[in-house]
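Please look through the structure shown here before reading on. The paragraphs that follow go from the strands to the helices and then to the pair of chains.

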2 protein chains.
Amino acid sequence: MPVDECEVKKVDAGRVAAIRGLIDAADATRLAELFKLLGDPTRARILYALLEAGEMCVCDIGETVEIPESTASHALRLLRTAGIVRNRRDGRMVHYSLDDAHVRMLLDLSLQHLRHDQGSGQ
Amino acid sequence: MPVDECEVKKVDAGRVAAIRGLIDAADATRLAELFKLLGDPTRARILYALLEAGEMCVCDIGETVEIPESTASHALRLLRTAGIVRNRRDGRMVHYSLDDAHVRMLLDLSLQHLRHDQGSGQ
DNA sequence: CCGATATCTGTACAGGTATGCAGATATCTA
DNA sequence: TAGATATCTGCATACCTGTACAGATATCGG
């Protein structure tokens with residue numbers, strides 16, 4: 001058998017190894033978790049609403065996104081646990097707002113993506 | 001508090017209506033679909049690999065991400081359908097690369113987020 | 001045309017998860 | 001303290017989706 005150790009016909013084994021080292025699976029998984037949180041229509045609507053409004057109570061969020069408040073609460077908990085939003089208690093109301101500069105930039109960037117062109121890149 | 005038309009105890013009905021008009025549900029859903037595609041560890045690893053490598057064939061992608069090539073092919077199809085990656089046929093091999101400037105920026109931004117230089121911006 | 005290589009597709013299964021109702025908890029007002 | 005308001009949590013369910021095996025398709029070398 002030729003040059004390779006045993007089996008495969010790798011096109012560019014060196015590059016494969018190099019790229020593999022740049023982003024390990026754990027990092028990619030963490031990044032995916034972040035995007036996954038933004039990848040739900042309900043949570044996305046909540047986040048874009050907060051991006052515009054700055055701060056909203058659960059009840060107004062539910063009204064804005066047109067979902068029951070319990071659903072909003074569930075969604076907000078996930079976002080808060082991930083450090084994407086923060087909450088501020090004011091009496092019996094809890095106000096939520098974005099709490100991550102990078103996420104805010106991601107949301108802005110994605111809005112540009114939406115408003116610019118949707119189908120074809122350049 | 002001004003009296004509402006009928007039912008609820010809305011805290012700020014005007015703001016709710018205003019925010020609701022800024023991003024409608026359809027837009028948010030489309031944005032969520034984009035993030036959802038980035039929100040899978042396998043697809044994320046593929047995208048970050050392409051971000052670094054520029055262009056890779058399916059076989060090297062599978063090797064880099066350590067998945068069967070059929071899994072890579074499935075993932076790449078979703079990404080291609082969404083306009084996130086493009087493919088270039090070269091003989092019996094197909095080379096994939098990123099095909100969306102905004103997505104490339106999203107990936108870069110998320111890498112910054114990962115590297116945790118948070119605190120800039122507001 | 002034939003065999004080999006590279007990629008794609010059909011399909012089935014497993015695991016995850018978004019959702020909302022009902023009830024629990026916290027806070028305010030009187 | 002009692003009652004009302006705002007939010008949270010437990011749970012059940014239905015839906016979605018990532019995965020990979022096996023086979024189909026496309027392309028190349030000769």
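In chain A, strands β2(A) and β3(A) run antiparallel and are joined by six bridges. Helices and strands are DSSP runs, with at least four residues (H or I) for a helix and at least two (E) for a strand, numbered from the N terminus. Two strands count as paired if DSSP finds at least two bridges between them. One of the places where the two strands face each other is A:Asn87, which stands opposite A:Tyr96 in β3(A). The two strands form a hairpin with two residues between them, and there A:Gly91 takes a positive phi near 70°.

This is a predicted model, in which local features need pLDDT of at least 70 and side-chain atom pairs count only at pLDDT 80 or more, while totals for chains, interfaces and linings use all residues; side-chain values use heavy atoms, with hydrogens and water left out. Residues are numbered from 1 along each chain as its sequence is written, and chains are lettered from A and ligands numbered from 1 in the order in which they are written.

The other partner of β3(A) is β1(A): two bridges join β1(A) to β3(A), residues 93-98, and these strands also run antiparallel. Here A:Cys57 stands opposite A:His95 in β3(A). Put together, three strands of chain A form an open antiparallel sheet in the order β1-β3-β2. The edge strands of this sheet are β1 (56-57) and β2 (85-90) of chain A, each of which pairs on one side only. Strands of a sheet pair through backbone hydrogen bonds, in either the parallel or the antiparallel sense.

Strand β2(B), residues 85-90, pairs with β3(B) in the antiparallel sense over six bridges. Among the facing residues, B:Arg86 stands opposite B:Ser97 in β3(B), and B:Asp90 has B:Met93 as its bridge partner. The hairpin of β2(B) and β3(B) has two residues between the strands, and B:Gly91 in the turn has a positive phi of about 70°. Strand β1(B), residues 56-57, is joined to β3(B) by two bridges and runs antiparallel to it; B:Met56 stands opposite B:Tyr96 in β3(B). The three strands of chain B form an open antiparallel sheet in the order β1-β3-β2. In this sheet β1 and β2 of chain B stand at the edges with a single partner strand each, so one side of each is left without a neighbour in the sheet.

How many of the six residues of strand β3 of chain B are buried? Five of the six are, so β3(B), residues 93-98, is largely enclosed by the rest of the structure. Buried means under 20% relative accessible area, exposed means over 50%, and partly exposed lies in between (1.4 Å probe, protein chains only).

Now take chain A as a whole. Chain A has six helices and three strands, and from the N terminus on they run α-α-α-β-α-α-β-β-α. Of its 122 residues, 45% count as buried. Among contacts in chain A with a separation of 6 or more, 50% come from residues 24 or more positions apart; a contact means heavy atoms within 4.5 Å.

Helix α2 of chain A, residues 25-38, has 14 residues and should span 20 Å at 1.5 Å a residue, which agrees with its end C-alpha atoms being 20 Å apart. The expected span is 1.5 Å times one less than the number of residues. Buried residues in α2(A) include A:Leu31, A:Leu34, A:Phe35 and A:Leu38. The buried residues of this helix pack against α3 (41-53), α5 (69-81) and α6 (101-116) of chain A, together with α2 (25-38), α3 (41-53) and α6 (101-114) of chain B.

One loop residue deserves a look. A:Glu66 has a positive phi of about 65° although it is not a glycine. A:Glu66 lies in the loop between α4 (58-65) and α5 of chain A and, at 55% relative accessibility, counts as exposed.

What relates the two chains? A rotation of 180° with 0.0 Å of shift along its axis superposes chain A on chain B, with an RMSD of 0.2 Å. That is the relation of a two-fold axis. The same surface serves both copies, as 93% of the contact residues of chain A recur in chain B. The superposition is by least squares on the C-alpha atoms of residues with pLDDT of at least 70 in both copies.
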